[in-house]
Amino acid sequence: MTRSLFPNIDWVGYVDWTVRDFHGYQTRRGSSYNSYLIRDTKNALVDTVKAPYACHLLKSVTELLPLAKLDYLVVNHAEPDHGGSVGAVVKACPQVTVVTNKKCQAILSGYHDTSNWNWQLVGTGDTLELGNRTLTFLETPMVHWPDSMMTYVSQDGLLFSMDGFGQHYASCHRFDDEEPIETVLAEAKTYYANIIMWAGKPIQRALEAASKLDIKMIAPSHGTIWRSHMDRILAAYQDWVVCKPSPKVLVVYDTMWESTAMMARAILEGASQPGITAKLLYIRAGDYTELATETLDAATIAVGSPTLNGGMMPVIGGGLTYLKGLRPICKAGFSFGSYGWSKGGAAAVQRELEETKFEILRDPLECQYRPTPEVLQECREAGKMLADKALALTCAVESKS
Amino acid sequence: MKKYECNVCGYIYDPEQGDPDNGVEPGTAFEDLPDDWVCPECFVGKDEFTPVEE
């Protein structure tokens, strides 16, 4: 299956309708691995697909071009969802020159036997003339690995943006104006939160470099191609790179015998103030993907766990480990939880929140066995404090901008 | 004091700025960073840094 972006520039990727677990990221709407073919005096394939789908990629390319006529394979990123089929393409097209940067070459050589490959190494500002079209390369380290780069076609204003602006989203369509845009933006947010939230500063630098280009279309490596709603995704990225807080309070918890759940609901009740969006996330009914996505734009967060064997519940521990790695910035919150004969759960949560560099708003909010009316009232007051802090953080950001 | 560049991601450690997000005060020389300090952008250790030629 192919689809034209511009005359002689075609999408030749693979839509993966079945994937639901992308190294732990719950991809409820599937995904796509986008690969693009540019036919010119010289012909270039930009990126490949996940290894199991190499045959589909080669079939799509041959619909448009004999494999013997492929001159270049541009690799913007070696991660196996994009670079997984590079070996298969080189095997099918031994004449091809792999065009990439030095770091990507090293990583590709870690995943593939590259001993017989032809290479052309490029860096920021280097160009590759294809005939009527010119490719210009822009290294964007950490968006999303050290090797990541973007490729720009100046004649069309087309940016192959690799993992930037991507979404895990399977569709029979390729373009943003053929899809419900709010759904695409929601998936772009989930993707940002779960894949690249930790790289806010490198992404800011990449956005700044890309802003000097005249961009008319952004073709990422996953999901929908942006051509009609670029303003919306670019504006969203400006907010996401700084984890811009919205007046939103998130209450996350696990529970054993409902005591921590009672506390969570009381905190939510207190946080449900005018102008505030308050959300309750029972971690075992949701998942870590939802936790990261909801955290991205929340200003304040309370995380609760009962005490299990002197510490926190493992599902909460896993969620906090996941969040810590994604490095959400400028968040404030506190921990809470019930305990039986000995404490430990809420304190363990607080240590994780501290390590995630949350501003800690109060000591762990704890109760023994079942929350009393007094404890539930304290929870409501703590929830109100989360709401007040969320409004303050949001106003502080608004007044700066 | 010398600046150091991360070989992996290109982050520049500037001693004048330090790394306040990770508890390193401005004015801290690269050599004085704790052994367990890691690149704030890509997590690799100090041994992956090279002095920046001025």
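Trainee: Which residue of chain A forms a salt bridge with Glu41(B)?
Mentor: In this predicted model, the partner of Glu41(B) is Arg205(A), with the closest N and O atoms 2.6 Å apart.

Trainee: How many salt bridges does the rule find across the interface of chain A and chain B?
Mentor: The rule finds two salt bridges there. Between the chains there are also six residue pairs in polar contact, both residues being at pLDDT 80 or more.

Trainee: And which helix gives the largest share of the side of chain A that touches chain B?
Mentor: Helix 6 of chain A, residues 200–210, contributes three residues, the largest share. By type, that side of chain A comprises five nonpolar residues, one polar and five charged.

Trainee: What area is buried between chain A and chain B?
Mentor: About 810 Å², with carbon and sulfur atoms giving 47% of it. Met142(A), Arg327(A) and Lys357(A) supply 44% of the area that chain A buries against chain B, more than any other three residues.

Trainee: Turning to pockets, which residues lie nearest the centre of the largest pocket?
Mentor: They are Lys201(A), Arg327(A), Ile329(A), Lys357(A) and Asp21(B), among 42 lining residues. The space in this pocket is about 1100 Å³, and its lining divides into 25 nonpolar, six polar and eleven charged residues.

Trainee: What is the volume of the second largest pocket?
Mentor: Its volume is about 310 Å³. Of its 17 lining residues, Met256(A), Trp257(A), Thr307(A), Tyr339(A) and Gly340(A) are the closest to the centre. The lining of this second pocket has seven nonpolar residues, nine polar and one charged.

Note on methods
Residues numbered from 1 in each chain as written. Chains lettered and ligands numbered in written order. Predicted model: local features only at pLDDT ≥ 70, side-chain atom pairs only at ≥ 80, totals over all residues. Heavy atoms only, no water. Buried area = accessible area lost by both parts, 1.4 Å probe. Salt bridge = Lys/Arg side-chain N within 4 Å of Asp/Glu carboxyl O. Polar contact = N/O pair within 3.5 Å; in protein donor to acceptor, adjacent residues only side chain to side chain. Helix = DSSP H or I, 4+ residues; strand = E, 2+ residues; numbered from the N terminus. Nonpolar A, V, L, I, M, F, W, Y, C, P; charged D, E, K, R; others polar. 1 Å grid on protein atoms, 1.4 Å probe; cavity = no way out; pocket = protein on both sides within 12 Å on 5 of 7 lines; lining within 4 Å. Points joined across faces, edges and corners; volume = space filled by probe spheres on them.
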